[in-house]
Amino acid sequence: MITRTEFADILKLLKQKITLINLDYYGDLIHKLWHERVVKSEPALSETEFPVKAAAQLVVEVISNRENHVLSSIQAEELVQQYLAQQSIHVYWQQTGIVPEHGDMYIHLSCKIAVEKLADLVTGIISLENWDKNVCPVCGDVPGFGCYDKPEGKRLLVCGACLTKWRYKRIGCAFCQEEEPKQLKVATADEFPGWIAAVCQTCNGYLKTADLRMLASEPNWYEAVMETLPLDYALTRDSKSM
Ligand SMILES: [Zn+2]
Ligand SMILES: [Zn+2]
């Protein structure tokens, strides 16, 4: 098991290291492509534009820092590619004596932080104003969270992969776009004031949504994944008793 402290330490290290990595190799031509795609209602990034190099640099850093093991950048790029292709890298961890659960977490978080940095670059360049779809305008992934912003309570969706936020209509399931009120429910758990789960009975999807008007600050979305787990359990419990 990776403890919360370990998780927070790894995240902190990666966030420090990413500030030293630049993404200048995404030049003007690619910026133009991003813009054109979003105008056509396609996500800005294509699969081939995944920041493999940046993610690999992070993997090298985190492994040398935490495991006393030196990885070449070529090896790191290969591991990232294998991870992206959803191939298991457990053999590699076994050879190096790194606990597989830790190794996987290093790669996973390195990829996430690298993508988040690229997403920042993209949203700094292109306008998301006309984007009204239920998938991320930057990477095309489904929303991981929702939030109601301050002060008006407009709904934003938060990408589960790159953490980009974008405006979305207030009513309706963010997954299957169901708008029939009787199909849409809201669940809360006492332990999570300021959080609701928007539940859709058509697709059985639910979106954990933070009401920023009720929270002291915006959640750390990485930690929210872990911290709101009891809300998921509460939902499973409630849906069973329905
Ligand atoms: Zn995204
Ligand atoms: Zn739905």
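Two strands are taken to pair if DSSP finds at least two bridges between them, and strands themselves (E, at least two residues) are, like helices (H or I, at least four residues), DSSP runs numbered from the N terminus. The legends below describe a predicted model, in which local features need pLDDT of at least 70, side-chain atom pairs count only at pLDDT 80 or more, and totals for chains, interfaces and linings use all residues. Residues are numbered from 1 along each chain as its sequence is written, while chains are lettered from A and ligands numbered from 1 in the order in which they are written.

**View 1. Strand E1 beside strand E6.** Strand E1, residues 143-148, runs parallel to E6, with 3 bridges between the two. Within this pairing, Tyr148 has Asp211 of E6 as its bridge partner.

View 2. Strand E5 (residues 195-200) is joined to E6 by 5 bridges in the antiparallel sense, where Ile196 faces Thr209 of E6 and Ala197 is set opposite Lys208 of E6. The two strands make a hairpin with 5 residues between them, and Asn204 in the turn has a positive phi of about 60°.

**View 3. Burial of strand E6.** Of the 6 residues in E6 (residues 206-211), 5 are buried (20 or more other C-beta atoms within 10 Å of the residue's own, with C-beta atoms placed from the backbone), so the strand is largely enclosed by the rest of the structure.

**View 4. The open sheet.** Its 6 strands follow the order E3-E2-E1-E6-E5-E4, with mixed pairing. Strands E3 (165-167) and E4 (184-187) stand at the edges and have a single partner strand each, so one side of each lacks a neighbour in the sheet.

Definitions and conventions:
Buried ≥ 20, exposed ≤ 12 C-beta atoms within 10 Å, placed from the backbone.
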